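Subject: Structure handover

Hello,

Here is the structure you are taking over. My notes on what was found in it follow below.

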Amino acid sequence: MTTVMGCIADDFTGATDLAGLLARSGVQVSLRIGIPEEAPSDTAPFEVIALKSRTAPVAQAVDEARVALTWLKAAGASRFFWKYCSTFDSTPDGNIGPVAEALMADLGVDQTIYCPAFPENGRSIFMGNLFVGEQPLAESPMKNHPLTPMLDSNLLRLLQPQVRQPVGLANRLVVAQGPEVLRARLADLAAKGVAHVVVDAVANDDLYVIAEAARDMRLMTGGSAVAMPLPRLFIDDGLLAADAAKFEKPALSPGTIVLSGSCSAMTRAQVANYLDTGAPAYRLDPMDLANDGPEAALSWLEGQDLRKAPIVYATAEPASVKVAQAKLGVVRAGEIVEEALSALAVAARDQGAARFVVAGGETSGAVTKALGVDRLNVGPEIAPGVPWCFATSSNRQIAITLKSGNFGQEGFFVEAQRILEAL
Ligand code: ADP
């Protein structure tokens, strides 16, 4: 089916988040991990390309986004979305503005909007200032982020040094008056040569006003939330048929495996909760893996009945993670665990597993790569921002969900299986 909207995301879990919100509409959404090498085929109405460019050098981020744009245009897209983090993560010579400006130039558009707000997750924008919960961005934990410390909360001040053209604001008082007034404000700013417009949003309703006002823009930029209303609007506009390629669950064999490489607080609670259900479980120890490799885990897996949905986890308390990191080095400890979980994923698939529940952002990247998955059809959400996805691995249909650290509730692993079964 011809693509209506092409989206470019600056990281993998951000792409999953966006794809999940778009798929809430029931419309088919396809997520590509990296820019596909082949020309577009078998495309969905919404195509999302996940880049890994958030902290890449500017020139590289711009180049990759432009190549992604070319692919999405070839897929037939007439609308485009540049997705970045809802906390506007970027370095001082950040990528958000330069990528937007390059995409605008390639598309021949004079103006775009910036709306990273995600009120459901506590990200709001008022008078151009971004808040995380009740704290201004620069007073939130984001001020200490290891790669993209956010030291200013004002989006106009953050954006202006990143772009050549003027930056302006459509504030909440405008948004509160509805789409017509917002559209007039955008036109007014365009007449004054303002190419980059930060748009305030403090509540979910604001996002609907913004999406409605910007529905004709060829390029929108923002977090995932402002894109959520677009599928409905495109159906109303006749860009998309009302019955456009609804998601359909493929036939899946019952074998299930849960793989957890996340040590985040929520994942620790989820693993504990799953162990309480009595599911077969194997704990990976990074030190054992460093000494003996994953063979013991692999032979344990071989003896398992995958219909009982066993779990293999490296998930551990911070103190134990520190011990492993001190002995092996932070990077090596992470790699060893990721390599083992990847090998277990492949072994499980070869034993007949078709349902994969994976916890951890980096872990997800490693597991999808090992399974040879570079395209996901995005299905219904299990928790906000965590959808079930469908893919082929070694010519077999699989379902896979990729949960980054703190997402989902405590019963997530059971809930995920229940939801998949009920589809
Ligand atoms: P999250 O989404 O919670 O950040 P990630 O998978 O992105 O999870 O990151 C967790 C990292 O920690 C991975 O590189 C993983 O291999 C590593 N890891 C997992 N368990 C342990 C452990 N017990 N000791 C040391 N490192 C670990």
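In this predicted model, Val323 is partly exposed, with a relative accessible area of 44%; that value falls between the 20% under which a residue counts as buried and the 50% over which it counts as exposed. Val323 belongs to helix 12, which covers residues 318-328.

Next, Arg355. This residue is part of strand 15 (residues 355-359). Arg355 has a relative accessible area of 8% and is therefore buried. Which side chain does the side chain of Arg355 join in a polar contact of 3.0 Å? It is that of Glu421. A polar atom of the Arg355 side chain also lies 2.9 Å from the backbone oxygen of Ser253. Leaving aside neighbours within four places in sequence, the residues in contact with Arg355 are Leu252, Ser253, Pro254, Gly255, Thr256, Ile257, Ala399, Leu420 and Glu421.

On the aromatic residues: the search of the whole structure gives 7 aromatic pairs. One of them is Trp82 with Tyr84: the ring centres are 6.2 Å apart and the planes stand at 70°, so this pair is edge-to-face. The angle settles the label because planes over 60 degrees apart count as edge-to-face. Trp82 is buried, at 1% relative accessible area, and Tyr84 is buried as well, at 0%. Trp82 and Tyr84 form one aromatic cluster together with Phe88 and Tyr114.

Another pair is Tyr274 with Phe413, whose ring centres are 5.8 Å apart with planes at 80°, so it too is edge-to-face. Tyr274 sits in helix 9 (residues 265-276) and Phe413 in helix 15 (residues 412-422), so the pair ties together parts that are 139 residues apart in sequence. Tyr274 counts as buried at 3% relative accessibility, and Phe413 is buried with a relative accessible area of 1%.

Last, the cysteines. How many disulfides does the structure hold? The number is 0. Cys389 is in no disulfide, as the nearest cysteine sulfur, that of Cys7, is 14 Å away, whereas a disulfide needs the two sulfur atoms within 2.5 Å. Cys389 is buried, with a relative accessible area of 1%. Cys263 is partly exposed, with a relative accessible area of 29%.

Regards

Conventions: Residues are numbered from 1 along each chain as its sequence is written. Side-chain values use heavy atoms; hydrogens and water are left out. Buried means under 20% relative accessible area, exposed over 50%, partly exposed in between (1.4 Å probe, protein chains only). Helices (H or I, at least four residues) and strands (E, at least two) are DSSP runs, numbered from the N terminus. A polar contact is a pair of N or O atoms within 3.5 Å; within protein, one must be able to donate a hydrogen and the other to accept it, and residues adjacent in sequence count only if both atoms are side-chain atoms. Contact means heavy atoms within 4.5 Å. Rings of Phe, Tyr and Trp (its six-membered ring) pair if their centres lie within 6.5 Å; planes under 30 degrees apart count as stacked, over 60 as edge-to-face and the rest as tilted.
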